[in-house]
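Subject: The model, and what turned up in it

Hi,

Here is the structure I said I would pass on.

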Amino acid sequence: MKKTLIAASLIAASTATASAADLAARPYTKAPPMMVAIYDWSGFYIGANAGYGSSRKEWDSMTTGGAFVAEEGSHDATGAVAGGQIGYRWQASSWVFGLEGQGDWAGLRGSNASLLFGPAVTNRSKIDAFGLLTGQVGYAWNNALLYVKGGAAVVSDKYTGRNITGLAFDSAKETRWGATVGVGLEYGFTPNWSVAVEYDHLFMGDRTDTFTSVVAPIGAISRVDRIQQDVDLITARINYRFGGPVIAKY
């Protein structure tokens, strides 16, 4: 009887040990890595812009042979601008490169009394349109992009001379080409939509313009002026980018 009890105890102990082994701790499973969304600036985009511009105009009276006569003074032509832009960007790591074309309506107007002819003559100028064709280089912090740009600029200029009563007596117009540099900060608030603020400076140089009479004798040369100008622009922009969503990166 005693031997039977000892044997039963040994069997029970062995069974308990086996059951404890079966209940060993579950193996550790590593948690999956977190997914980080990376904004992608690559692709074609189209957008609109609006803002304010100022153009400095310096007038010098010249002879028809191109010799300097006297200063006629200067003024700032200021006003609103609005238009659109289209471009393409490609991204390499955090660097973003792009090409863009922009065209805007403008209402930049200004005037000054002529230093040569006195208050009886007022020189007026107007920029009614401009265009930019630029390349871009930027650096992205996910959906925030800081970029610089540079390239060609073109403006449509109109000039008039007015008498003391305000009536025009001569005029000239031109399409002037120059260069531009700018800087912008853009923020992507959805995978395809972004907003930006941009500053541009246009180097338009100086040109010699021949003014013709708008009163009798109509079309006759009335004077020749060399006009130097540059333009400063600040605009708010909104862009829609065609392309895929943000990139998921582990």
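A word on ground rules before that. This is a predicted model, so to speak of a local feature I needed pLDDT of at least 70, side-chain atom pairs count only at pLDDT 80 or more, and totals for chains, interfaces and linings use all residues. Residues are numbered from 1 along each chain as its sequence is written, and side-chain values use heavy atoms, with hydrogens and water left out.

The layout

The protein has 1 helix and 10 strands, and along the sequence they come in the pattern α-β-β-β-β-β-β-β-β-β-β. Both kinds of element are DSSP runs numbered from the N terminus: helices are H or I with at least four residues, strands are E with at least two. Of the 250 residues, 36% are buried. Here buried means under 20% relative accessible area, exposed means over 50%, and partly exposed is in between, with a 1.4 Å probe and protein chains only.

Following the strands

I call two strands paired if DSSP finds at least two bridges between them. Strand S5 (residues 118-141) runs antiparallel to S6, with 19 bridges, and Leu133 has Ala152 in S6 as its bridge partner. The hairpin of S5 and S6 has 2 residues between the strands, and Asn142 takes a positive phi near 60° there. Asn142 is a residue other than glycine with that positive value, and it is partly exposed, at a relative accessible area of 36%.

Next along, strand S6 (residues 144-162) pairs with strand S7 (residues 168-188), again in the antiparallel sense and over 19 bridges. Two bridges to look for: Gly151 has Thr180 in S7 as its partner, and Ser156 has Thr175. This hairpin has 5 residues between its strands, and Gly166 in the turn has a positive phi of about 95°.

S7 then pairs with strand S8 (residues 193-213), antiparallel over 12 bridges. The S7 and S8 hairpin has 4 residues between its strands. Thr180 turns up again here, standing opposite Leu202 in S8.

Where would you find the cis peptide bond? It joins Ala216 and Pro217, with omega about -5°. Pro217 is in the loop between S8 and strand S9 (221-242).

Ser93 is also worth a click: its phi is positive, about 60°, although it is not a glycine. Ser93 belongs to the loop between S3 and strand S4 (95-114), and counts as exposed with a relative accessible area of 65%.

The aromatic residues

Rings of Phe, Tyr and Trp (its six-membered ring) pair if their centres lie within 6.5 Å; planes under 30 degrees apart count as stacked, over 60 as edge-to-face and the rest as tilted. That rule gives 11 aromatic pairs. In one of them, the ring centres of Phe44 and Tyr88 are 4.6 Å apart with the planes at 55°, so the pair is tilted. It links distant parts of the chain, 44 residues apart: Phe44 is in strand S2 (residues 43-62) and Tyr88 in strand S3 (residues 68-92). Phe44 counts as exposed at 53% relative accessibility, while Tyr88 is partly exposed at 32%. Phe44, Tyr88, Trp90 and Phe97 form one aromatic cluster.

What does the charged end of Arg89 sit over? The ring of Tyr45, 4.7 Å from its centre. Arg89 also lies over the face of Tyr147, at 5.5 Å from the ring centre. For this, NZ of Lys or CZ of Arg has to be within 6 Å of the ring centre and within 35 degrees of the ring normal.

There is 1 cavity of 30 Å³ or more. A cavity is a set of points on a 1 Å grid over the protein atoms alone where a 1.4 Å probe fits but cannot get out, and lining residues have an atom within 4 Å of a point. The largest cavity holds about 60 Å³ of space, the volume being the space filled by probe spheres set on the points, which are joined across faces, edges and corners. Among its lining residues are Tyr45, Arg89, Glu186 and Arg241.

Best wishes

Terms used:
1 Å grid on protein atoms, 1.4 Å probe; cavity = no way out; pocket = protein on both sides within 12 Å on 5 of 7 lines; lining within 4 Å.
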